[in-house]
Amino acid sequence: DATATLGKDVFVGAFSYIGEKAVIGDGAQIHPQVYIGANVQIGSGSVLHPGVKVYENCVIGNEVVIHAGTVIGSDGFGFAPKSDGAYTKVPQLGNVIIEDGVEIGANTTIDRATIGSTLIRRGVKLDNLIQVAHNVEIGAHTVIAAQTGISGSTSIGEQVMIGGQVGVAGHLHIGHKVKIGAQS
C-alpha cells in the first residue's frame with residue numbers, strides 16, 4: 001500500500017502484499033507470496049519465508065524468522081452456544097505480539113487474542129505444525145516441538161521445554177523451566 005513504510009535494504013519478493021500503514025524495519029526480508037495486513041509492524045532483520053500470512057494489527061519484533069505457510073493473527077476458536085444448538089461467533093478483536101529473536105516453524109498458526117494480545121516472548125523457538133490459541137502467552141526462551149496444540153488463555157513460563165504432540169488444555173499456567181514429555 002502507498003501508506004506502508006519500508007526501512008532500508010528491505011527485500012520484497014514477487015506477489016507479496018504489504019497493507020495499509022504497515023511498517024517494515026531495516027533489512028527485513030519478505031519472501032514471495034507473503035501477506036502483511038494493515039497496521040502490521042515487522043522489526044529489523046526479520047525474515048518471512050514464502051506464503052506467510054500476518055493479519056492486521058500484529059507486531060513482530062527484530063530478528064524474527066517465520067517459516068513458510070505460517071499464519072499469524074487468524075481468529076481464535078471462539079463460539080458461544082445458542083439455545084437452538086447453533087453457535088454464534090465471538091468477535092476476535094485482539095492481536096499477536098511476537099518479541100525479538102523468535103523462530104517459528106512452517107505451517108504453525110498463532111491466533112489473535114479475543115481481547116488484548118496473544119504473546120510470544122523473546123527467544124521462543126516453535127517447531128513446525130504447532131497451534132497456539134487465542135490469549136496464550138509463551139514465556140521467554142521456551143522451546144516447543146512439532147504437532148503441539150496449546151488451548152486458549154494458557155500461560156507458559158520461561159525456559160520451558162515441550163516435546164512433540166503435547167496437548168495443553170485451556171486456562172492453565174505452566175511455571176518456569178518445566179519439561180513436558182512428548183505426547184503428554
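**View 1. Tyr35 is partly exposed, with a relative accessible area of 33%.** Partly exposed falls between buried, under 20%, and exposed, over 50% (1.4 Å probe, protein chains only). This is a predicted model; local features need pLDDT of at least 70, side-chain atom pairs count only at pLDDT 80 or more, and totals for chains, interfaces and linings use all residues. Residues are numbered from 1 along each chain as its sequence is written, and side-chain values use heavy atoms, with hydrogens and water left out.

**View 2. The structure holds two aromatic pairs.** Rings of Phe, Tyr and Trp (its six-membered ring) pair if their centres lie within 6.5 Å; planes under 30 degrees apart count as stacked, over 60 as edge-to-face and the rest as tilted. Tyr17 and Tyr35 have ring centres 5.4 Å apart and planes at 5°, so this pair is stacked. Tyr17 sits in strand 3 (residues 17-18) and Tyr35 in strand 6, so the pair ties together parts 18 residues apart in sequence. Strands (E, at least two residues) are DSSP runs, numbered from the N terminus. Tyr17 is partly exposed, at 42% relative accessible area.

**View 3. Phe77 and Phe79 form an edge-to-face aromatic pair.** Their centres are 5.2 Å apart, with 70° between the planes. Phe77 is exposed, with a relative accessible area of 70%. Phe79 is partly exposed, at 38%.

**View 4. His31 lies in the loop between strand 5 (29-30) and strand 6 (35-36).** Is His31 buried or exposed? His31 is buried: its relative accessible area is 18%. The side chains of His31 and Gln29 are joined by a polar contact of 3.1 Å. Such a contact is a pair of N or O atoms within 3.5 Å; within protein, one must be able to donate a hydrogen and the other to accept it, and residues adjacent in sequence count only if both atoms are side-chain atoms. Leaving aside residues up to four places away in sequence, His31 touches Phe11, Gly13, Ser16, Val47, Leu48, His49 and Pro50. Contact means heavy atoms within 4.5 Å.

View 5. Two strands pair if DSSP finds at least two bridges between them.

**View 6. Strand 16 (residues 103-104) and strand 19 (residues 125-126) run parallel, joined by two bridges.** Ile104 has Leu126 of strand 19 as its bridge partner.

Conventions. Helices (H or I, at least four residues) and strands (E, at least two) are DSSP runs, numbered from the N terminus.
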